[in-house]
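Visitor: I would like to learn how to read the main features of a model like this. Could we go through them one at a time?

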Amino acid sequence: MTKKSLNMNTDIHLAYPFAYHRGKRISFVQSQRSESSYFGGPSDDVIEPCQDGPYHIHHIATISNRDVGVQGYQFGFSIPFFYPMRVDGCELSYRRTATKAIQITSVAPPEPPGVEWPFPYEGYPPLLPYISLRVHEVEDMALEVFSEEVMQGIEDLKEDELILVVPPNPIMGVSLWGPWLDTEDIQIIFRYRSSSGTMRVYSACT
């Protein structure tokens, strides 16, 4: 399966998060004004831990339902996206319990490797930089075509499922994975079920 490489992109908007929902690919770019969708920054969501123990997660993005075509407001008007950036190879699952609350249901491994081996690099920022996002383009696309843009592809997509992909971005003012790993085009891949408010997230590379 051929994957598009960030290093080969000539359009910088391809470095920003992009989504897939109900047969449409939605791309985002930075906005010069405040928007309902944004990357990084703080989050006011209440996070309940799970039985697996400690967790160290970053607010990656909040995306407006309207921007990605998610219908219904059982869980609010936007979707929060979190990931444990300081845990190598982590897989996280959580569910939305209220408009501004999530409950971690699983995280593995449960905690960072420790101060002797800081991941992804020493001095990782507690908050990612805030970047306001606007929709750049919405296009009809078959899942097979979209899957070519996702590291390791997408399988078993449910009808109500939203995919959000976050690649490294060289112009947002922070290295997501460190100078070496950023060049591997590691993607954070979110799979959100709008009917149940459940999220599964993992990272993947070439």
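**Cores, charges and one buried aspartate**

Guide: Start with the nonpolar cores. The model is predicted, and its largest nonpolar core has 43 residues. Those with the most contacts inside this core are Phe39, Ile60, Phe81, Tyr83, Leu176, Ile188 and Phe190.

Visitor: Which strand gives the largest share of this core?

Guide: Strand 6, residues 78–83, with 4 residues.

Visitor: Which residues does Phe190 touch, leaving out those up to four places away in sequence?

Guide: With that exclusion, Phe190 touches Ile60, Phe81, Phe82, Tyr83, Leu162, Ile163, Leu164, Val166, Met199, Arg200 and Val201. There is also a second, separate core of 12 residues, which includes Met141, Phe146, Met151 and Ile163.

Visitor: What is the overall make-up of the chain?

Guide: The chain has 3 helices and 12 strands. Of its 206 residues, 50% are buried. Sequence separation is the next thing to read: among contacts between residues at least 6 apart in sequence, 67% join residues at least 24 apart.

Visitor: How many salt bridges does a search of the whole structure find?

Guide: The search finds 7. For each pair, read the distance, then the location of the partners, then their accessibility. Arg22 is in the loop between strand 1 (18–21) and strand 2 (24–30), while Glu159 is in the loop between helix 2 (143–147) and strand 10 (161–166). This pair links distant parts of the chain, 137 residues apart. Arg22 is partly exposed at 47% relative accessibility, and Glu159 is exposed at 66%.

Visitor: Are Arg191 and Glu161 buried or exposed?

Guide: Both Arg191 and Glu161 are buried. Their side chains meet in a salt bridge of 2.6 Å, N to O. Arg191 is in strand 11 (residues 187–193) and Glu161 in strand 10, 30 residues apart.

Visitor: Which residue is buried yet has no salt bridge?

Guide: Asp45 is one such case. The nearest side chain of opposite charge, Lys100, is 4.2 Å away. The cut-off matters here: a salt bridge needs a side-chain nitrogen of Lys or Arg within 4 Å of a carboxyl oxygen of Asp or Glu.

Visitor: Where does Asp45 lie, and what surrounds this residue?

Guide: Asp45 lies in the loop between strand 3 (37–39) and strand 4 (46–48). The side chains of Asp45 and Ser43 are joined by a polar contact of 3.0 Å. Not counting residues up to four places away in sequence, Asp45 touches Pro80, Phe82, Thr99, Lys100, Ala101 and Ile102.

Visitor: How many disulfides does the structure hold?

Guide: The structure holds 0 disulfides. For individual cysteines, read the accessibility. Cys90 is buried, with a relative accessible area of 1%, whereas Cys205 is partly exposed, with a relative accessible area of 33%.

How values were computed
Residues numbered from 1 in each chain as written. Predicted model: local features only at pLDDT ≥ 70, side-chain atom pairs only at ≥ 80, totals over all residues. Heavy atoms only, no water. Helix = DSSP H or I, 4+ residues; strand = E, 2+ residues; numbered from the N terminus. Buried < 20%, exposed > 50% of the residue type's maximum accessible area, 1.4 Å probe, protein only. Lys, Arg positive; Asp, Glu negative; His and termini not counted. Polar contact = N/O pair within 3.5 Å; in protein donor to acceptor, adjacent residues only side chain to side chain. Contact = heavy atoms within 4.5 Å. Core = buried A, V, L, I, M, F, W, Y, C linked by side-chain atoms within 4.5 Å. Disulfide = S-S within 2.5 Å.
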